[in-house]
Amino acid sequence: MQYFVPPNSIVRRIWGTSDTVLFIFAGAAAEFALNKAVDWLYFTGRLPADPLARLFSTVDYARRILFADRAGAERAIDSIAAIHAAVEARRGRAIPAWAYRDVLFMLIGYSMRAFEVLERPLTDAEREEIVDVFYRVGHRMGIPDLPASYSEWQVAREQHLNQDMGVSSYTNDLYVQYRRHLGGPRYRLLRMVQGLVVPARVRQLLQLPVGAFISPAVVFYRLTRHWQASQSAKNAMLPTEYRARIQALDLAPSGPAEPAKAFAPARRCPMHQS
């Protein structure tokens with residue numbers, strides 16, 4: 001069987017562990033709030049109504065692509081393109097190409113950062129592999145001007161962070177929703193984890209803590225996470241309604257991602273014409 005991502009890939013290791021996926025999730029929650037194209041996520045109403053479910057949806061699709069065979073992964077990518085094309089049609093204009101690149105860059109960046117915080121430094125070859133996997137996802141979607149190497153991604157990522165991030169009314173509203181859905185203690189924990197994984201510009205814009213308070217706890221957890229007591233403590237910090245879903249992140253997805261029933265899958269996302 002031909003896989004989109006080889007079974008022994010570092011990308012599968014990163015996205016097949018609930019701990020690293022949760023850290024990716026935390027970083028994404030921060031950047032979504034700052035991205036200048038976040039109004040697109042507000043247009044459907046799904047993000048402000050239930051930001052945790054919307055972020056889980058992004059994580060679920062990413063995992064199904066990364067763990068599928070090549071044909072299944074391509075169907076899942078085409079499904080994502082179709083869903084975005086339908087939103088564009090409803091709004092009457094195209095999502096900017098830079099906004100698509102921002103999401104891919106974010107997934108690359110937090111894949112690396114989450115793994116290094118919780119595991120070990122990545123090798124140069126592993127960094128190139130992570131960039132290559134998400135490059136192929138973006139290429140399938142028809143996203144233009146994607147960096148094909150780690151060094152090119154570093155330059156593009158820095159440019160996007162400087163150009164495409166900013167505090168807005170959406171930023172403030174999203175953080176209100178995060179607090180409402182998580183509760184006070186979990187919300188404070190989210191901000192501490194975000195401060196540990198996000199780039200300096202994101203941390204500055206959101207006034208996040210630098211991570212010094214949570215770093216010793218992360219080191220301790222990394223050393224003891226195979227203990228039942230550590231897992232029990234982690235589970236206690238998770239929202240009850242998402243606990244089973246988070247625990248399932250330690251398993252490979254059980255089935256292929258299918259296109260949303262309301263939309264026919266498109267071979268290419270029309271935004272590449274913008």
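Is Glu119 buried, partly exposed or exposed? At 24% relative accessibility, Glu119 counts as partly exposed; the cut-offs are under 20% relative accessible area for buried and over 50% for exposed, with partly exposed in between, using a 1.4 Å probe and protein chains only. Before going further, a word on the model: it is predicted, so local features need pLDDT of at least 70 and side-chain atom pairs count only at pLDDT 80 or more, while totals for chains, interfaces and linings use all residues. Residues are numbered from 1 along each chain as its sequence is written, and side-chain values use heavy atoms, with hydrogens and water left out.

Let's start with the overall picture. The protein chain has 15 helices and 0 strands; these are DSSP runs numbered from the N terminus, H or I of at least four residues for helices and E of at least two for strands. Of its 274 residues, 52% count as buried. Take the contacts (heavy atoms within 4.5 Å) between residues at least 6 apart in sequence: 75% of them join residues at least 24 apart.

Now for the inside. In soluble globular proteins, nonpolar side chains tend to be buried together. Here, the largest nonpolar core has 84 residues, and Trp15, Phe23 and Ile130 touch the most other members. Helix H7 (residues 97–118) gives the most to this core, with 13 residues. A nonpolar core, by the way, is a set of buried Ala, Val, Leu, Ile, Met, Phe, Trp, Tyr and Cys residues joined through side-chain atoms within 4.5 Å. If you click on Ile130 and skip residues up to four places away in sequence, you'll find it touching Ile10, Val11, Ile14, Ile108, Ser111, Met112 and Leu122.

Phe23 also turns up where two helices pack. Helix H2 (residues 18–34) meets helix H11 (residues 184–197) at an angle of about 90°, with the axes 9 Å apart. Axes here are lines fitted to C-alpha atoms, for helices over the stretch in contact, and angles run from 0 to 180 degrees between N-to-C directions. H2 and H11 are therefore roughly perpendicular to each other, a label used for 65 to 115 degrees, with under 35 counted as roughly parallel, over 145 as roughly antiparallel and the rest as oblique. On the H2 side the contact uses Phe23, Ala26, Gly27, Ala29 and Ala30, and on the H11 side Leu190, Val193, Gln194, Leu196 and Val197. That makes 8 nonpolar residues, 2 polar and no charged, where Ala, Val, Leu, Ile, Met, Phe, Trp, Tyr, Cys and Pro count as nonpolar, Asp, Glu, Lys and Arg as charged, and the others, Gly among them, as polar.

H2 has another partner in helix H10 (residues 169–182): their axes come within 7 Å and cross at roughly 145°. Ala29, Ala30, Phe32, Ala33 and Leu34 of H2 make this contact with Tyr170, Thr171, Leu174, Tyr175 and Tyr178 of H10.

On to the charged pairs. The whole structure holds 8 salt bridges, each one a side-chain nitrogen of Lys or Arg within 4 Å of a carboxyl oxygen of Asp or Glu. Back to Glu119, then: its side chain meets that of Arg13 in a salt bridge (3.3 Å, N to O). The two sit 106 residues apart, with Glu119 in the loop between H7 and helix H8 (124–141) and Arg13 in helix H1 (residues 10–15). Arg13 is partly exposed as well, at 42% relative accessibility.

Asp39 pairs with Arg91, the closest N and O atoms being 2.9 Å apart. Asp39 counts as buried at 16% relative accessibility, while Arg91 is partly exposed at 24%. Leaving aside neighbours within four places in sequence, Asp39 is in contact with Arg91, Arg93 and Tyr170. Asp39 and Tyr170 are 131 residues apart in sequence, yet their C-alpha atoms are 7.4 Å apart in space.

Finally, have a look at the backbone of two loop residues. Asp145 has a positive phi of about 60° although it is not a glycine, and it lies in the loop between H8 and helix H9 (150–164). Gln207, with phi near 55°, belongs to the loop between helix H12 (200–206) and helix H13 (215–224). Asp145 is exposed at 66% relative accessible area, and Gln207 is exposed at 68%.
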